[in-house]
Amino acid sequence: HIMTSFFRFPYCLFALLLVVSLASAHSEKQDGNAQIIDLSEGPHFSKSDHNSLKMLWAGLADATGLKVYEGLPHPFWDKTLYDAEKRRSHTITLNGQLFYADGRTPTAEACNEICRSLRVVDFYRPTLPVPKQCGGFHADYAITWNSGERDFRLLVCFGCGEIHAYGPGFTIETDLSKEGYVRLRKLLIVYWNKRPKGEVAF
């Protein structure tokens, strides 16, 4: 029994060290100041999406000129409203989606909160290969900003819980996590100003 316990000791020690290590990592993850760069412990993104997210976060780190654009009503669920708004309102097209032209500039505090939130890995999850019953991606809001001389755009659809982001050298389409959905909606819904309330209201 003594010999058996002796040989088991290294394995017990290893297990103890592993538990301590995981607890430490979890503690660091809970730190609100931990801006995400390492995705090794986050959701399992493809290598391409992994690299795109890192470029997105790099662009958010020193964002300037941030604006929020409000999307038109849903072209499928609220087609009548969509067509009416498209005819009567001054709109712009960003990456194939229509928005009211007068983008709004958030306060400095709100800009910081938006950028900080979008740089948290738990905001995102890989898109599942299953069809969504939302009538197709429709951007409820667009966030645009600059990083140096580089332009970035992030479009969000709350109907399907998905974001499409664009920047120099990358494009990414991925889902929001439940936490990300709730948080981002809370941050952006204050910019709902012109879009009439229809069947789908975000």
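Author: With one residue. Keep in mind that this is a predicted model. Asp140 sits in the loop between β4 (124–125) and β5 (141–147).

Reader: Is Asp140 buried or exposed, and why?

Author: Compare the relative accessibility with the cut-off. Buried means under 20%. Asp140 has 2% relative accessibility, so Asp140 counts as buried.

Reader: Which backbone atom does the side chain of Asp140 reach?

Author: The backbone nitrogen of Phe158, at 2.7 Å.

Reader: Now salt bridges. What is the general idea?

Author: Side chains of opposite charge can pair when their charged atoms come close. In this structure, a search of the whole model finds six salt bridges. Take Glu85 and Arg88. Their closest N and O atoms are 2.8 Å apart.

Reader: How are Glu85 and Arg88 placed in helix α3?

Author: They are three residues apart in α3 (residues 79–88), which means about one helical turn separates them. Their surroundings can be read from accessibility. Glu85 is buried at 4%, whereas Arg88 is exposed at 61%.

Reader: Which residue forms a salt bridge with Lys194?

Author: Asp102, with the closest N and O atoms 3.2 Å apart. Asp102 lies in the loop between β3 (97–100) and α4, and Lys194 in the segment after α5 (178–188), so this pair ties together parts 92 residues apart in sequence. Both partners are partly exposed: Asp102 at 43%, Lys194 at 40%.

Reader: What links helix α5 to helix α4?

Author: A salt bridge between the side chains of Arg183 and Glu113, at 2.3 Å from N to O. Arg183 belongs to α5 and Glu113 to α4, so the pair ties together parts 70 residues apart in sequence. Arg183 is partly exposed, with a relative accessible area of 27%.

Reader: Which residues do salt bridges with shared partners join into one network?

Author: Glu113, Arg116 and Arg183.

Definitions and conventions. Residues are numbered from 1 along each chain as its sequence is written. This is a predicted model: local features need pLDDT of at least 70, side-chain atom pairs count only at pLDDT 80 or more; totals for chains, interfaces and linings use all residues. Side-chain values use heavy atoms; hydrogens and water are left out. Helices (H or I, at least four residues) and strands (E, at least two) are DSSP runs, numbered from the N terminus. Buried means under 20% relative accessible area, exposed over 50%, partly exposed in between (1.4 Å probe, protein chains only). A polar contact is a pair of N or O atoms within 3.5 Å; within protein, one must be able to donate a hydrogen and the other to accept it, and residues adjacent in sequence count only if both atoms are side-chain atoms. A salt bridge is a side-chain nitrogen of Lys or Arg within 4 Å of a carboxyl oxygen of Asp or Glu.
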